[in-house]
Amino acid sequence: MLRIDGQTKLTGIIGYPLRYTLSPVLHNAAFQHLSLNWCYVPLPVERPFLHQALEGIKALNFVGINVTMPYKEEVIPFLDEITSYARIVGAVNTIHVKGHRLIGYNTDGRGFLASLQKDAKFDPEGKNILIVGAGGAARSIAVSLALAGAGYIAIVNRTLRRAHSLGQLLQENFPSCEVEAMDFEADLSYVFLKAEVVINATPVGMGPRSGELPFPVELLKPKHLVCDLIYKPRETLLLKLAKEKGARTLGGLGMLLHQGAAAFEIWTNLEPPIAVMRKALEEALEEDRHGEG
Ligand SMILES: NC(=O)c1ccc[n+]([C@@H]2O[C@H](COP(=O)([O-])OP(=O)(O)OC[C@H]3O[C@@H](n4cnc5c(N)ncnc54)[C@H](OP(=O)(O)O)[C@@H]3O)[C@@H](O)[C@H]2O)c1
């Protein structure tokens, strides 16, 4: 059990309504494993109090916090400094309080990249990547993949305007990466043929949409590595059908794990106990599955 006392260092997560988050499980397991007198708490904050909450984080001597929906973009004006990567992505998911200054980071893309490289043993340098979706998660992984030297990135999104805006962001910041942006009306067979990795960055496949597919699976080939950012369920319908087609697959749990591990490292300056954090996440997801029975 965690022991809370006068020396306990505080971390947590700000979002709203924050009914479901696995971050406390992930971080508290790591603190306990390393016998750190640290604690991670959920902090649901309503929009009118966002600025006050961030000031409170400083006043209450928190070491840092994570930021989740819907505030990843809205916190930026209240921060003293943000990393250049977070500025390009336009979103912050981790804040470090350093000498009463709030420093913003984004570890989502780094988390995806770590999972791609460590879990799927795939190096994106020079590779052709297809991302379905153009929201916040798509933006952070697209920027990380471009930074890692991807040769070609295609964005396919329901709303063409948003696909174009992400495409433009990539072109402006990474001129050596070839970029295409389209909606589902375009001829997708060509981009699927060109891609080595196909990533679902939409919520289609989770919760009430767990029986739906983000794109027609007929487009998948055995040569593809198919990634789904969704981690609940662990294996989405997309991944199940992709496997049946002979493709390799990667679920969203690794991204969740590694983005959390990166935040842990920023706050503690210690090597995150990855295996312990992964086990805690897997157990929590398994418990939830039985709970929902
Ligand atoms: N594993 C992890 O650590 C991790 C981290 C972050 C996010 N995620 C997951 O990534 C997914 C996207 O999150 P986000 O933060 O990027 O969300 P978001 O900013 O709301 O973006 C959602 C994207 O999905 C598209 N979309 C939504 N509903 C759709 C539908 N019915 N059909 C087709 N496209 C649809 C949207 O298209 P429009 O532009 O047309 O609206 C948009 O491109 C979620 O499932 C989230 O759980 C996982």
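A: Six strands make up an open sheet of mixed pairing, in the order 2-1-3-5-6-4. Strand 2 (38–44) and strand 4 (81–82) are at the edges with a single partner strand each, so one side of each has no neighbour in the sheet. The model is predicted: local features need pLDDT of at least 70, side-chain atom pairs count only at pLDDT 80 or more, and totals for chains, interfaces and linings use all residues. Residues are numbered from 1 along each chain as its sequence is written.

Helices (H or I, at least four residues) and strands (E, at least two) are DSSP runs numbered from the N terminus, and two strands pair if DSSP finds at least two bridges between them. Strand 1 (residues 9–15) pairs with strand 3 (residues 64–67) in the parallel sense over four bridges; I14 has V67 as its bridge partner in strand 3.

Helix 9 (residues 253–268) lies across strand 1, strand 3, strand 5 (94–98) and strand 6 (101–105), and runs at about 5° to strand 5. Axes are lines fitted to C-alpha atoms, for helices over the stretch in contact, with angles from 0 to 180 degrees between N-to-C directions.

The axes of helix 4 (residues 108–118) and helix 9 come within 7 Å and cross at roughly 125°. Residues are in contact if their C-beta atoms, placed from the backbone, lie within 7 Å. On this basis D108, R110, G111, F112, A114 and S115 in helix 4 meet G254, M255, L256, H258, Q259 and A262 in helix 9.

How values were computed: Contact = placed C-beta atoms within 7 Å.
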